[in-house]
Protein chains: 2
Amino acid sequence: MTSGVGGAKLVHGLATAGDASQLWVFVNTGDDFEHLGLRICPDLDTTVYTLAGLADSERGWGRAGESWEFLSALEALGGPGWFRLGDRDLALNVLRTHELANGVALSDFSSSICRRLGIDAQVLPVTDSPVRTEILTRDGWLPFQDYFVRRRCEPEVREIRYNGSDCAHPLPELLEKLQSTETAAVILAPSNPWLSIGPILAVPGIASALRSCPAPVIAVTPIIQGDSVKGPTAKIMRELALDVSAGTIAGYYGDLIDGFILDVRDAHLEEAIDVPVCIADTLMITMEDRKRLALESVAFAGRLGKQAAAGTSE
Amino acid sequence: MTSGVGGAKLVHGLATAGDASQLWVFVNTGDDFEHLGLRICPDLDTTVYTLAGLADSERGWGRAGESWEFLSALEALGGPGWFRLGDRDLALNVLRTHELANGVALSDFSSSICRRLGIDAQVLPVTDSPVRTEILTRDGWLPFQDYFVRRRCEPEVREIRYNGSDCAHPLPELLEKLQSTETAAVILAPSNPWLSIGPILAVPGIASALRSCPAPVIAVTPIIQGDSVKGPTAKIMRELALDVSAGTIAGYYGDLIDGFILDVRDAHLEEAIDVPVCIADTLMITMEDRKRLALESVAFAGRLGKQAAAGTSE
C-alpha cells in the first residue's frame, strides 16, 4: 500500500526486481481532489507515471519533459495557477474526469490506464469511495491540496482527518489480497503515516484485514536520522508533538505490522521497536537503490513468513 | 450575427474600423458540443480569439503558436484525437466547462472572457439554451462536429436540423438590440446560412425580431462566383439541390433582410436579388480587407437607414 514519491520509488523497485504481474499496488486517494472540475489523483498518477517510466524524477511529481502552455493560458484568462497541471498530465486528468462522469469506477479506469501504458503491475485505488484528507490549522480545516500545494505545508498542523472514510468501502481486490494465503508480503511504503497511509487505514475494514492477514505485513520507515527523506513528515510530527524518529513510525503502526524496515543510519533504534526489524539502506537515489530495497523488503517478509509458519506448526 | 471564420473576420474589421465598444456580436452556438466532458464552443472562440489577436489565421481555428502536447498524450492513453484541442485552447474550454458546471451562464462567461482579454466589443452567444446543429446523412443524423470535423464534411447532406431550438430563448440582449432605435445596423455575417445562420434564426423570436427591427438588416454573401470562400457551403448547397449562387443566399434570407452585399465578381447577379444590393469586394485576405468590407457594410446600412427614414416621413 502506497502513496506519494517514496512509495512510487519502492513500487518501481518491486516491479523491476520481481515479477510485476504478481504485484498489486493499492494507492492512497486521500490527496485526490476536484480542481477546475477535473478529478485529480496525485498519488495514483505518480505511481502510474513512475511505473510507466514517464515520471519527472527530479521534480517528484508529474511527467518528464512536461510543457505548461495550458497553465500559462489559463492564468492569462484569470484561472487559478497554484496547482500546476502540465499539458501532458492534463490528458490523464481530462480522460479520467470524463470516464468517471460516465459512471466508470476509478479502479476500472486505473486498470485500463495501466494496460494502456504497458504496466504489468495492478495499480488500484484503495477505495472507489471519496476519502479526502483535511488538515486543521489555525485558519480552520483545509482541503489537503490547499494545505500541501497552495500553502506549501506552511500552516501548523493541529489535527488531520479523512473526510468520507467512515462510509468508504475498501476495494474488494484489496481485501481479497489481504485475506489470500497466496499473498507473499504486504508492504506499507515509506510514506508519511499521517498524511498518506492514515487515509488508507481509516477505510473501515482495512486495518482489521491487515491484523488478520496471513501474509507478513511490513512497513518501511520514511524517517531517517530524525528527518523525513522528502516532504513535510518531520515538520508535521513536530507540530503534532511527536518524537521525529523511526520509532514513532513503528509505534504508529503498532500491531498492524509484523516487521519494520529501519534505515541503517538509525540502527541504534532497533531496541525501541516492538516488532522484528530489518536494517537496510532505505534511501532510494538510483534505480539500483529502488531494486535493492525492494529485494530486501521481500526477503525480510519471506523470513517473517517462515518464522510465522514455524510458529504455527509448533 | 455571426459564425465561423468569415464572420469573425468581418467582426474583426468592424471592431477595428469603428468604435468597438458599440459593437455587439451575437454568435451561433449550433456548432457547440460536449467533448471529453468539456463544453466546446468553436464559433464563440474563433470570434474571441480573432478579436483578441490570438487566432491562428492560417489554420482558421484555434490559437496561433498552439502546441499539441495534451492531444498527443491523450491519444497515447487511448483517448480520441479526431477533435484537435490545443494546449492553450484547452484553457478556455476547461475554464468554461468548470464555470458552466457551477451555474454560470454561457453569456456571462463570454462577457468575462472578453473583459479579461481586453476585447471592447460584446461577444455573446445568440442563446444560453442548448441548440445543436445535426446533419442527416445516409448514416442517419450526425452531431455537427461529427459531420464537420470527424468526417470532414464528406457525407452527403440530406437535411439539417437545429436540435433544441424549439425551446430555446434568444439572449435578452439580442432582442433588446434588435428592438432598439439606437442600433445603427444589423449585419448577418458571410457565413453558411444553413449551417451557421440557420441555428440562429431557428431560435423562436429572432426571425420576427429581425423583420420588425428598426435598424436596416443586411447580409453579406458567403458565395463568390458559384463557390464558397471557405468551408463546405457550396458542397452542401449542391447536395441540397440548390443553385450555388449569391442569389440563393439572398433568397434564403428573403424578407428578413433589407439589403444584400454581393461580391464584385458576381455584380451581374444584382438583378436576381429582390432587396437593395451593395456591390463590394467581399474577399477578406488582409486586415485592410476586413476593415474595408466592414466600412462598406456600415455605409450601406447607413444608406438603407436613410432611405427608410425618408420613406417613413413621406
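**View 1. Helix α4 of chain A crosses α3(B).** In this predicted model, the axes of α4(A) (residues 87-101) and α3(B) come within 7 Å and cross at roughly 50°. Axes are lines fitted to C-alpha atoms, for helices over the stretch in contact, with angles from 0 to 180 degrees between N-to-C directions. α4(A) and α3(B) are therefore oblique to each other (under 35 degrees is roughly parallel, over 145 roughly antiparallel, 65 to 115 roughly perpendicular, and the rest oblique). Their crossing is right-handed, that is, the near helix is turned clockwise from the far one, whereas a left-handed crossing has the near helix turned anticlockwise by less than a right angle. D87(A), R88(A), L90(A), A91(A) and L95(A) of α4(A) meet E69(B), F70(B), A73(B) and L74(B) of α3(B); residues are in contact if their C-beta atoms, placed from the backbone, lie within 7 Å. By class, this contact has six nonpolar, no polar and three charged residues (Ala, Val, Leu, Ile, Met, Phe, Trp, Tyr, Cys and Pro are nonpolar, Asp, Glu, Lys and Arg charged, and the others, Gly among them, polar).

Residues are numbered from 1 along each chain as its sequence is written, and chains are lettered from A and ligands numbered from 1 in the order in which they are written. Local features of this predicted model need pLDDT of at least 70 and side-chain atom pairs count only at pLDDT 80 or more, while totals for chains, interfaces and linings use all residues.

**View 2. α4(B) packs on α5(B).** The two helices pack at an angle of about 135°, with their axes 10 Å apart. That makes α4(B) oblique to α5(B). The crossing of α4(B) and α5(B) is right-handed. From α4(B), L92(B), R96(B), E99(B) and L100(B) touch L106(B), F109(B) and I113(B) of α5(B). Five of the contact residues are nonpolar, none polar and two charged.

**View 3. The side of chain B that touches chain A.** Chain B and chain A each put 22 residues into the contact. α4(B) gives the most, with ten residues. This side of chain B divides into twelve nonpolar, six polar and four charged residues.

**View 4. The rotation axis relating the chains.** D87(B) comes closest to the axis among the residues of chain B, at 3.1 Å (C-alpha). The same surface serves both copies, as 100% of the contact residues of chain B recur in chain A.

Key: Two residues are in contact if their C-beta atoms, placed from the backbone, lie within 7 Å. Helices (H or I, at least four residues) and strands (E, at least two) are DSSP runs, numbered from the N terminus. Copies are superposed by least squares on the C-alpha atoms of residues with pLDDT of at least 70 in both.
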